Amino acid sequence: MSKILDRVADAGGILYFVLVAVGYVVLVSPFLPETLESPDAVRAHLVAHPPTASLWLGAWLEAAGLLALLLLAARLAARIRAARPLDWLPTAAVGVAVAAFAVKIGSFAPVLAALDVDRYDAGTVTALLGINDAAHGLAWALDGVFVLLLGLGALASRALPTWLGALTVAAGTACLAATAAPGVLDALQVVFLAWVLVVSGWLLVRGERAVAPERSRRGAESAALPLR
C-alpha cells in the first residue's frame, strides 16, 4: 500500500495539472464571473449560471488536484530528508505546503456561499468572491515559499539532479514574483506548471533510485581515500 501511495505522490504534479485543469478551468470557471468590477454584473452572471452537478464535480476534482500537489511536496521532502536527515528545509517546506493547501481549500467556502445568490445583495456576493481572489494570491505566495525551500534543500542535499533542483528554485521564485507583480502572473505560472510536470515525470521514471544519506556518502568517500 505504501508503494502505491509513493507512486501516486510521484505522479502528484501530473495529477495536479490534470485535475485542476479539468476541475476548475473546464467545470468550475464557467459558473464564475471573469471580473468583479461591477457587483451588479457579478450577481447577474451568478443568477444566469446556477450551480449544477458539473460544478460540484469540478470542485471535488480541484480539491483532489490540490491534495496531489501536497503529496508531491511531501514526497520530495522525504527524499531530501533521506539524504540529509538533520536538514530543517524539508520539514519547513511540508509545513508551508500544508498551509497553502489549507488556504486553497478554505477559499472554497465563500465561493460556495456566493452561489446561493438569492440570499445576498450584489455587494455581498462580490465581496465573497473577492475573498477567494485574495486567498488565491496568498496561496501562490505560500506555494512559492514551499517550492523554493524544496529547491534549496534539493541543491544542498543532491536529492535531485542539479538541473532539477535549479528548476525547483526557479519555480518557487516565479511564484513569489507573480505575487509581487500580479500583472505577470499568467506568464510566471508557466514556470510553476512546467516544474510540476517535469519533476513528476522524473520521479516516475527515475525517482525510485535510492538516495544515499549524507553521512553514508561521506563515509564511503573517506574509505575510498588512500591511506598515508
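D10 is buried in this predicted model, with a relative accessibility of 0%. Even so, the D10 side chain has a partner: D10 and R7 meet in a salt bridge, at 2.9 Å from N to O. Both residues sit in helix α1, 3 residues apart, which is about one turn of the helix. R7 itself is partly exposed, at 25% relative accessibility.

Helix α1 also reaches out to another helix. D6 pairs with R75 in a salt bridge whose closest N and O atoms are 3.7 Å apart. Because D6 belongs to helix α1 (residues 2-10) and R75 to helix α4 (residues 53-83), this pair ties together parts that are 69 residues apart in sequence. D6 is partly exposed, with a relative accessible area of 25%. R75, at 19%, counts as buried because the cut-off is under 20%.

Then there is K104, whose side chain meets that of D143 in a salt bridge at 2.9 Å, N to O. K104 lies in helix α5 (residues 89-106) and D143 in helix α7 (residues 122-157), so here the bridge links parts 39 residues apart in sequence. Both partners count as buried: K104 has 12% relative accessibility, and D143 has 3%.

Salt bridges with shared partners bring D6, R7, D10 and R75 into one network. In total, the structure holds 6 salt bridges, among them D10 with R7, R75 with D6, and K104 with D143.

How values were computed. Residues are numbered from 1 along each chain as its sequence is written. This is a predicted model: local features need pLDDT of at least 70, side-chain atom pairs count only at pLDDT 80 or more; totals for chains, interfaces and linings use all residues. Side-chain values use heavy atoms; hydrogens and water are left out. A salt bridge is a side-chain nitrogen of Lys or Arg within 4 Å of a carboxyl oxygen of Asp or Glu. Helices (H or I, at least four residues) and strands (E, at least two) are DSSP runs, numbered from the N terminus. Buried means under 20% relative accessible area, exposed over 50%, partly exposed in between (1.4 Å probe, protein chains only).
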